[in-house]
Amino acid sequence: MEDRQRLYPSLVRLYPSAFRREYGDDLVQHFADLAADRGARAAWTRTTLDLAITIPRYHLERIMTEQHSATTLNITIGVLATAGLASLMTDLYPGVIGMVLFVAAVALAVTQRSTLARALRVPDSRLRHRRLRIGAILAGVFVTSYVVYLATIGDSWTSTSTVLTIIGTLAMFGAIGFLVAGLLTPRTPDRDQLAGTG
Amino acid sequence: MTEPDPTSFLPLPQAQFHVLVALTEGERHGYAIMQAVETSSGGVVRMGPATLYGTLKRLVDQRLAEELARRPAADDDQRRRYYRLTRLGERVCAAEADRLSGLVRIARTNLRPGLA
């Protein structure tokens with residue numbers, strides 16, 4: 001096997017482990033067949049684009065599977081939105097980066113709304129209470145930071161103001177998100193109800 | 001178990017439909033599927049290895065295709081995995097073919113003669 005053909009099995013390692021375990025040998029065999037059949041150049045021409053498209057795509061699909069979806073999505077959206085807002089408010093990075101991160105968070109939430117909605121529709125009283133409790137705590141953080149902000153605000157913008165603004169804004173968005181999610185989460189049906197419907 | 005409604009799978013992504021069509025001719029391994037797709041599409045659809053196996057994975061997950069437990073030809077490379085259509089896969093493939101032929105009919109009717 002030529003050196004360049006030995007590269008392909010190494011690149012196959014970049015696929016998600018589950019896909020690699022299931023189809024890794026088939027991919028390598030397929031590439032070898034392709035190279036033997038059409039030549040190495042044709043094999044690489046076809047495979048390079050395939051690698052460029054499918055490696056990120058399959059990783060994204062793995063993230064979006066039912067098992068990982070809701071939690072991973074929420075964390076991803078939260079991290080993107082937080083980084084975006086922090087960047088916008090602190091001017092630590094050019095505003096465009098903050099805007100891109102924030103838009104990415106919104107786009108992810110919009111495109112994956114059905115997955116998020118499905119996760120919200122699962123009846124779970126404990127999860128409902130937890131979401132509402134976190135929402136209430138974040139609402140408290142928001143109110144506290146706002147009161148402190150009003151009490152400490154002066155003529156000039158200080159680093160304390162920046163920190164309070166970031167904490168308050170994030171707590172506000174978080175409180176809204178968790179309270180809405182908590183209210184939309186159905187309670188677990190009572191055993192009596194289940195027996196009645198069963 | 002009741003079989004899902006074939007129309008609930010429509011419209012099929014292009015790659016999935018091409019692979020299903022390739023499997024209508026019989027059991028095939030991955031490389032043969034790729035060759036059949038190229039032939040049936042007149043060379044327009046050229047699937048890379050991961051696109052092909054990703055598509056096969058989705059078809060197997062949706063129970064439209066299945067992997068054969070045995071190799072059809074004893075002298076063939078035993079490492080190759082063969083796939084075939086399931087009954088549901090056949091029905092979905094037929095439903096997609098009907099949908100597309102209806103679309104083609106409309107296009108042919110509406111377009112000026114000579115264009116379609």
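Colleague: Which element of chain A has the highest mean pLDDT?
Modeller: This is a predicted model, in which local features need pLDDT of at least 70, side-chain atom pairs count only at pLDDT 80 or more, and totals for chains, interfaces and linings use all residues. Residues are numbered from 1 along each chain as its sequence is written, with chains lettered from A and ligands numbered from 1 in the order in which they are written. Chain A averages a pLDDT (the predictor's confidence in each residue, from 0 to 100) of 81, and 85% of its residues score at least 70. Helix H9 (residues 191–197) of chain A has the lowest mean, 50, and the highest, 93, belongs to helix H2 (residues 17–38) of chain A.

Colleague: How are H2(A) and H3(A) oriented to each other, and why?
Modeller: Axes are lines fitted to C-alpha atoms, for helices over the stretch in contact, and angles run from 0 to 180 degrees between N-to-C directions. The axes of H2(A) and helix H3 (residues 40–63) of chain A come within 10 Å and cross at roughly 165 degrees. Angles under 35 degrees count as roughly parallel, over 145 as roughly antiparallel, 65 to 115 as roughly perpendicular and the rest as oblique. H2(A) and H3(A) are therefore roughly antiparallel.

Colleague: In which hand does H7(A) pass H8(A)?
Modeller: Helix H7 (residues 125–152) and helix H8 (residues 159–184) of chain A pack at about 155 degrees, axes 7 Å apart. That makes H7(A) roughly antiparallel to H8(A). A crossing is left-handed if the near helix is turned anticlockwise from the far one by less than a right angle, and right-handed if clockwise. H7(A) passes H8(A) in a crossing that is left-handed.

Colleague: How are H2(B) and H3(B) set to each other, and why?
Modeller: Their axes come within 10 Å. The crossing angle is roughly 105 degrees. H2(B) and H3(B) are therefore roughly perpendicular.

Colleague: Which residues of H3(B) make the contact with H2(B)?
Modeller: Two residues are in contact if their C-beta atoms, placed from the backbone, lie within 7 Å. H2(B) brings B:Gly30, B:Ile33 and B:Met34. From H3(B) come B:Leu52, B:Tyr53 and B:Leu56.

Colleague: Which helix gives the most to the side of chain B that touches chain A?
Modeller: The contact takes 17 residues from chain A and 12 residues from chain B. Helix H2 (30–40) and helix H3 (49–61) of chain B each supply at least two residues of that side of chain B. With 6 residues, the most comes from H3(B).

Colleague: Is B:Ala94 buried, exposed or partly exposed, and why?
Modeller: B:Ala94 lies in helix H4 (residues 87–110) of chain B. A residue is buried if 20 or more other C-beta atoms, placed from the backbone, lie within 10 Å of its own, exposed if 12 or fewer, and partly exposed in between. B:Ala94 has 13 C-beta neighbours inside 10 Å, so B:Ala94 counts as partly exposed.

How values were computed: Helices (H or I, at least four residues) and strands (E, at least two) are DSSP runs, numbered from the N terminus.
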